[in-house]
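This report describes a few local features of one structure.

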Amino acid sequence: MLWLRLIVIFTFVSLSSAQTTPGPQLVDALKAEGNFGIFVDLLQASGYLDQLNASTHFTVFAPTDAAFGKLPAGTVDSLKADANKLADVIGYHVILNSAFNLNNNQDKVLTSANNHSIRINTYSVVHTQTAEGVNITKKNVRVLHGILHEINGVLSPPLGNIIELGSNRSDISTFESLVAQANLSTFFTNDHSTTIFVPNNDAFKKVSQPVLDYLSSHPSDLAEVLKYHVIKQYSLYSIGMAHSLSLPSGDQHKDYLMILQESNGDLKVNSAKILEKDISSVNGVVHIIDTVLIPPRVTVAIEDQGVIVG
């Protein structure tokens, strides 16, 4: 029927036009939002705006003015005074040659203009999407040749994997030495996406000497203790942690780790308080905790030797 054919043709033309309608220029879109003044200034000063305007596809993660306000006093001025540092910071918020729409992405890793990884996560239980643990507050804003995402924090690139992080932190040297002793370096670094709860040195000082002696003389149980601090194939930043959230650990028996939130807002994993959150690594995220976690089966094995755990 002619009328039906005309409707189909009109609909196709309308959809095609909508799909090809260009968005506004990036800076115009940022200025129209009204809360990106600092980012616009830094973007223009960094030299990346010219590269974006010349690119046929790009993605920008834009921190709001409030996000920059969270930084230590004087940070923005110091960026403006240091061209190299400014380029590093702004370059980490830009992806060239790829216009990336956010969907329900979990541990999707993008590459920034200055060749650092940007990890995208979706935490459905708290209705949140993040980039390197930073909340994405507005997503998929179409601009000319690209996509804009609003974020409420300034991104910092990961500093390496857990082994590399440990080489620069004296406060977790005991954990690092035990990982090496148990020949688990590959276990802790070969996963694309992982969460590691790392006890600091003070946490190990709370463990009795008989327990430490037992673990030293039972390498398989030591390995189980270390693996119990890991969630494999899932990067859990603190923004995605909800009270009573349980996830299987990386030990042989997949014993569960439970996230607890105290009335004062502090977060715990099992009995351990999370002292430092959201340290990005190239293969996930690290949290520093104040207590060594021992899986139930190892606890029973130790206590069968007449040693009290805890």
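## Helices α2 and α3

Leu26, Val27, Leu30 and Lys31 of α2 are in contact with Phe39, Val40, Leu43 and Gln44 of α3, where contact means heavy atoms within 4.5 Å. Of the residues in this contact, six are nonpolar, one is polar and one is charged. Ala, Val, Leu, Ile, Met, Phe, Trp, Tyr, Cys and Pro count as nonpolar, Asp, Glu, Lys and Arg as charged, and the others, Gly among them, as polar.

The axes of α2 (residues 26–33) and α3 (residues 37–46) come within 10 Å and cross at roughly 160°. Therefore α2 is roughly antiparallel to α3, a term for angles over 145 degrees between N-to-C directions on a scale from 0 to 180 degrees. Helices here are DSSP runs (H or I, at least four residues), as are strands (E, at least two), numbered from the N terminus.

## Basis of the model

The model is predicted: local features need pLDDT of at least 70, side-chain atom pairs count only at pLDDT 80 or more, and totals for chains, interfaces and linings use all residues. Residues are numbered from 1 along each chain as its sequence is written, and side-chain values use heavy atoms, with hydrogens and water left out.

## Thr59

Thr59 lies in strand β1 (residues 58–63). Thr59 counts as buried because its relative accessibility is 0%; buried means under 20% relative accessible area, with a 1.4 Å probe and protein chains only.

The Thr59 side chain reaches the backbone nitrogen of Phe100 at 2.8 Å. Beyond its neighbours within four places in sequence, Thr59 has contacts that include His93, Ser98, Phe100 and His149.

Note on methods:
Angles under 35 degrees count as roughly parallel, over 145 as roughly antiparallel, 65 to 115 as roughly perpendicular and the rest as oblique. Buried means under 20% relative accessible area, exposed over 50%, partly exposed in between (1.4 Å probe, protein chains only). A polar contact is a pair of N or O atoms within 3.5 Å; within protein, one must be able to donate a hydrogen and the other to accept it, and residues adjacent in sequence count only if both atoms are side-chain atoms.
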